[in-house]
Amino acid sequence: MWKENQLTQMLGIRYPVIQAGMAGGAAMPELVAAVSNAGGLGTLGAGYLSPEEIRKAVREIRSRTDHPFAVNLLVTQEPSPSAEELKQGRELLAPIYREMGLEPQVPTRYAPSFAEQIEILIEEKIPVFSFTFAIPEQKWLHRLKAEGTILIGTATTVREGELLEAAGVDLVTAQGAEAGGHRGTFAGTYEQGMVGTLALVPQLVDRIGLPVIAAGGIMDGRGLAASLALGAAGVQMGTAFLTCSESGAHEVHQAQILEGSEDGTVVTRAFSGKPARGIRNRLIDELAGGEAKIPPYPVQNALTREIRQAAAHQKDPERMSLWAGQGLRLSCRQGAGELVHQVVTEAEAILKAL
């Protein structure tokens, strides 16, 4: 019988396994509910959703499960790029647009309003709120806490964990350098935040008084057992859930993960303007020499949107953002609930053997 700990008690879940809130359509209601129904914590990746899309998704999750779940947002502010930044960004992408037969459009908005997104979460009284890229203003954290929402922040360094603790969050996710998707670094350069999971977790555990969630390269029960041995209270897994049957990830994305290897991922700003780990492809190589001209997130994310959407429609992996962590060789096709149970069963056997 799996023992409760501070994390499972706080979140009201059976197992210390959290499915990462991957934005972009991978972590939608079906996957979230499947993980929560299996005893873990499913997370809606709501970073790119409009307020009404978030409300609809939250209500769909509640129609599929009566267990706790989380909603993840990307903490952003409306950007004000200069004319020169936009010009350079468009010029860098122009050859790709031409080759793909696309006519670039001028974005009317670069990202959903964070304030409007979070208002929906407060109105819906969600059980758990996780976030990355920055720390939300105290007014938002106070309002969420007043509704009984548990707060989970993302740290890539010990310093960031300390800042999150001071801000009043309940749990901290330690995002190791192995993790797929966007880097959550907010108190320094992303290079300073490229600390491996094995090194980051125990140092963070020793320096803060909050439960720590290990993330980055964790794909199976061995990763959970190792994380618990390092002092973590649980794990967050992203890439492992991308190839589950309930995943909303594009079929090409899933195939690339299943065929990929640990040395095939890179950290790039090519797709969104923010460092993120994904499978290396042609677009990353094409923009490799023009890093200085890539506008910051979310401007670049908006400028490449048509390219990514057209590539997905054409099932062309060379121009898609194929986010994945370094543990992708351990991926397999199975149900999300099956994955959760497999992870905890393996971890329990390992811990008993040790």
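**Exercise 1. Find how many aromatic pairs the whole structure holds, and classify the pair F133 and Y297.**

Step 1. A search of the whole structure, a predicted model, finds three aromatic pairs. Rings of Phe, Tyr and Trp (its six-membered ring) pair if their centres lie within 6.5 Å; planes under 30 degrees apart are stacked, over 60 edge-to-face, and the rest tilted.

Step 2. The ring centres of F133 and Y297 are 5.4 Å apart and the planes stand at 80 degrees, so this pair is edge-to-face.

Step 3. F133 is in the loop between strand 4 (128-132) and helix 6 (138-146), and Y297 is in the loop between helix 12 (282-286) and helix 13 (299-303), so the pair ties together parts 164 residues apart in sequence. Helices (H or I, at least four residues) and strands (E, at least two) are DSSP runs, numbered from the N terminus.

Step 4. F133 has a relative accessible area of 7% and is buried; Y297, with 14%, is buried as well. Buried means under 20% relative accessible area, exposed over 50%, and partly exposed in between (1.4 Å probe, protein chains only).

Numbering starts from 1 along each chain as its sequence is written. In this predicted model, local features need pLDDT of at least 70, side-chain atom pairs count only at pLDDT 80 or more, and totals for chains, interfaces and linings use all residues, while side-chain values use heavy atoms, leaving out hydrogens and water.

**Exercise 2. Describe the surroundings of T304.**

Step 1. T304 is found in the loop between helix 13 and helix 14.

Step 2. Its relative accessibility is 0%, and T304 counts as buried.

Step 3. Leaving aside residues up to four places away in sequence, T304 touches L93, A270 and F271; contact means heavy atoms within 4.5 Å.

**Exercise 3. List the buried residues of helix 5 and what covers them.**

Step 1. In helix 5 (residues 114-124), the buried residues are F114, Q117, I118, I120, L121, I122 and E124.

Step 2. Their cover includes helix 3 (51-64), strand 3 (69-74), strand 4 and helix 6.

Step 3. Just after helix 5, K125 has a positive phi of about 50 degrees.
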